[in-house]
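This briefing is intended to accompany the sequence and the three-dimensional structure. The points that follow are grouped by topic.

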Amino acid sequence: MKKIIVSLLVVFLLPLIGISSSANASENTDMSKVTFNGSLEKKNQKKDYKNPEGNIKVLENKTRPVLKKNLAAAKSNNSVSSNAAIQALNDSPNNAAGIEIGNIYTDYITKDGQQKWYHFTNETSGKLTVILQTVQSSSVDYDLHLFKLNEDTMTLDEVANSTYNAGLNEQLSLIGEEGTYYMVVNSVSGSDPDSPFAFLVERSSSYDQYEPDDNIYQASAYMNNIYQNKTIDNSYDMDWVILQVDTEKTLTVNLNNPTSIDYQLDIFDLSLNPLAGLEDNTNYSIVFPAGTYLLRVQSRSWDFDPNQEYTLDIREKAGKATSVVVSNIDTNDNVEGYINYGYGYKWRIQNFMNIEGQLLDENGLSVPYANVEARITTALNNEVYYASSTTDRNGYFTISFTSIPPAVGNFSYANYASYHYFDIIPLVFLSNGQILNSNEDSLYHFAYSIYRPH
């Protein structure tokens with residue numbers, strides 16, 4: 001069963017005749033006991049997502065074509081055979097052609113329904129990426145499957161597959177253990193005996209925690225916002241993620257990439273029609289109609305840095321800041337706390353304080369990367385003191401007053417052993433010059449205490 005109709009999911013193009021390696025199907029390995037009891041029918045099922053009601057609306061001058069990569073280009077400097085194709089009759093697991101990780105190979109499918117099998121040894125655990133550059137024809141549909149050999153039972157266990165539609169390249173990934181693997185190119189429909197397909201197995205020793213996610217079937221789904229720190233671990237690595245939007249929203253979109261390598265964020269609808277191609281290190285404000293979107297991050301060149309993370313940050317766009325929620329205030333160890341001196345519960349401070357809180361808009365959305373200022377007015381000389389900070393992506397902030405003058409002690413409170421003297425001083429928050437509502441609008445400014453049991 002077909003999963004998704006894809007129109008432009010083309011990541012590498014052009015036949016590779018003249019630059020391919022050849023594989024040997026007559027190695028000494030005894031594969032006669034290997035059995036494959038399964039079926040190569042399509043196993044990926046289309047998820048029950050609602051189709052978007054329309055395309056992204058705010059994309060003027062922001063689109064770029066979907067990146068196209070030639071499988072040959074990244075390996076053009078390798079020493080490879082001039083043989084144009086694997087000539088072995090590798091049409092079953094028992095006569096699978098032996099291949100090596102890191103080499104490009106070509107082969108032909110000559111009739112509808114034919115399979116071509118290959119085996120390789122993975123000597124070191126890591127991420128395996130398998131890429132199939134298929135025949136570019138709307139009437140030819142080849143799929144890609146990956147199996148691991150169970151050496152106890154000598155059976156093949158399917159561990160990943162990629163089943164896009166006709167004419168579209170396939171890609172999958174797997175966090176692979178050491179062992180023997182089999183891959184198969186399966187003709188779902190059609191063939192082209194005159195045009196070869198090309199394929200490559202890559203291994204990455206360094207990869208992020210979200211792998212494997214090299215195709216849409218491996219993508220994780222998020223509702224309304226995404227925040228991920230990820231890496232590109234090889235030239236062909238693709239990081240896919242699913243964004244579900246419950247109602248029409250304006251979202252801020254940023255692909256923060258600290259490297260000098262150009263990365264790109266592509267946005268597709270459920271049919272993989274491209275909606276946008278967004279540059280890295282650029283802030284976008286985009287209207288997303290309710291629906292589900294498929295997102296892909298990849299390098300725009302062959303360059304990558306497996307040790308440097310990028311950040312994909314998508315969140316609902318907040319309005320103007322209107323309020324602050326104070327969650328904690330630190331001050332002198334023997335003073336700090338949220339207490340009641342008879343005038344309601346307030347935070348008690350003395351010589352300094354660190355205010356922790358969150359900045360919100362009128363709808364309760366956190367306001368990211370915004371200025372927030374706190375002001376207090378001490379009883380001594382009626383002086384105003386202020387300090388400011390900037391909120392993080394979730395609207396959280398910490399404002400620090402490093403030095404606060406002593407309190408006068410206009411008020412007193414008698415407890416069981418002493419009298420505490422303090423002032424009640426105002427606490428005001430502002431953002432961009434506008435006074436904000438706050439759950440805390442005053443403080444107990446502690447002056448001193450006198451031991452007086454009673």
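**Overview of the predicted model**

The protein chain has 454 residues, of which 52% count as buried. The structure is a predicted model, and its secondary structure comprises zero helices and 30 strands. Among contacts between residues at least 6 apart in sequence, 77% join residues at least 24 apart. The accessible surface of the chain is about 20300 Å², and carbon and sulfur atoms account for 44% of that surface.

**Confidence**

- The mean pLDDT of the protein chain is 84, and 80% of its residues reach 70 or more.
- Residues 1–22 have a pLDDT below 50, and beyond near neighbours in sequence this stretch has 114 contacts in the model.
- Residues 24–29 likewise have a pLDDT below 50, with nine contacts in the model beyond near neighbours in sequence.

- An open sheet is formed by four strands in the order β25-β22-β19-β29, with mixed pairing.
- Its edge strands, β25 (396–401) and β29 (437–438), each pair on one side only.
- Strand β19 (residues 321–330) pairs with β29 in the parallel sense over two bridges, and serine 323 stands opposite asparagine 437 in β29.
- Glutamate 356 belongs to strand β22 (residues 353–361); it counts as partly exposed because its relative accessibility is 30%, which lies between the limits of 20% for buried and 50% for exposed.
- The C-alpha atoms of glutamate 356 and valine 325 are 8.7 Å apart, while the two residues are 31 apart in sequence.
- Not counting residues up to four places away in sequence, glutamate 356 touches Val325, Val326, Ser327, Asn328, Asp330, Phe397 and Thr398.

- Strands β20 (residues 337–340) and β21 (residues 345–349) run antiparallel and are joined by four bridges.
- Glycine 337 stands opposite arginine 348 in β21.
- Four residues lie between the strands of this hairpin, in which glycine 342 takes a positive phi near 100 degrees.

**Aromatic pairs**

- The structure holds 22 aromatic pairs.
- Tyrosine 263 and tyrosine 310 form an edge-to-face pair, because their ring planes stand at 85 degrees, with the ring centres 5.9 Å apart.
- This pair links distant parts of the chain, with tyrosine 263 in strand β14 (residues 263–268) and tyrosine 310 in strand β18 (residues 310–316), 47 residues apart.
- Tyrosine 263 is buried at a relative accessible area of 1%, and tyrosine 310 is also buried, with a relative accessible area of 1%.
- The rings of tyrosine 343 and phenylalanine 411 are likewise edge-to-face, because their planes are at 75 degrees; their centres are 5.4 Å apart.
- Tyrosine 343 lies in the loop between β20 and β21 and phenylalanine 411 in strand β26 (residues 411–414), so this pair ties together parts 68 residues apart in sequence.
- Both residues are partly exposed: tyrosine 343 has a relative accessibility of 44%, and phenylalanine 411 has a relative accessible area of 29%.
- One aromatic cluster is formed by Tyr341, Tyr343, Phe411, Tyr413, Phe422 and Tyr444.

**Asparagine 224**

- Asparagine 224 lies in the loop between β10 (220–223) and β11 (226–230), and it counts as buried because its relative accessible area is 13%, under the 20% limit.
- A polar atom of the asparagine 224 side chain lies 3.2 Å from the backbone nitrogen of aspartate 246.
- Leaving aside neighbours within four places in sequence, the contacts of asparagine 224 include Leu243, Gln244, Val245, Asp246, Lys249 and Leu251, together with Ile314, Arg315 and Glu316.

Key. Residues are numbered from 1 along each chain as its sequence is written. Side-chain values use heavy atoms; hydrogens and water are left out. Buried means under 20% relative accessible area, exposed over 50%, partly exposed in between (1.4 Å probe, protein chains only). Contact means heavy atoms within 4.5 Å. Accessible areas come from the Shrake-Rupley method with a 1.4 Å probe; for residues, only the protein chains shown count as cover. A polar contact is a pair of N or O atoms within 3.5 Å; within protein, one must be able to donate a hydrogen and the other to accept it, and residues adjacent in sequence count only if both atoms are side-chain atoms. pLDDT is the predictor's confidence in each residue, from 0 to 100. Two strands pair if DSSP finds at least two bridges between them. Rings of Phe, Tyr and Trp (its six-membered ring) pair if their centres lie within 6.5 Å; planes under 30 degrees apart count as stacked, over 60 as edge-to-face and the rest as tilted.
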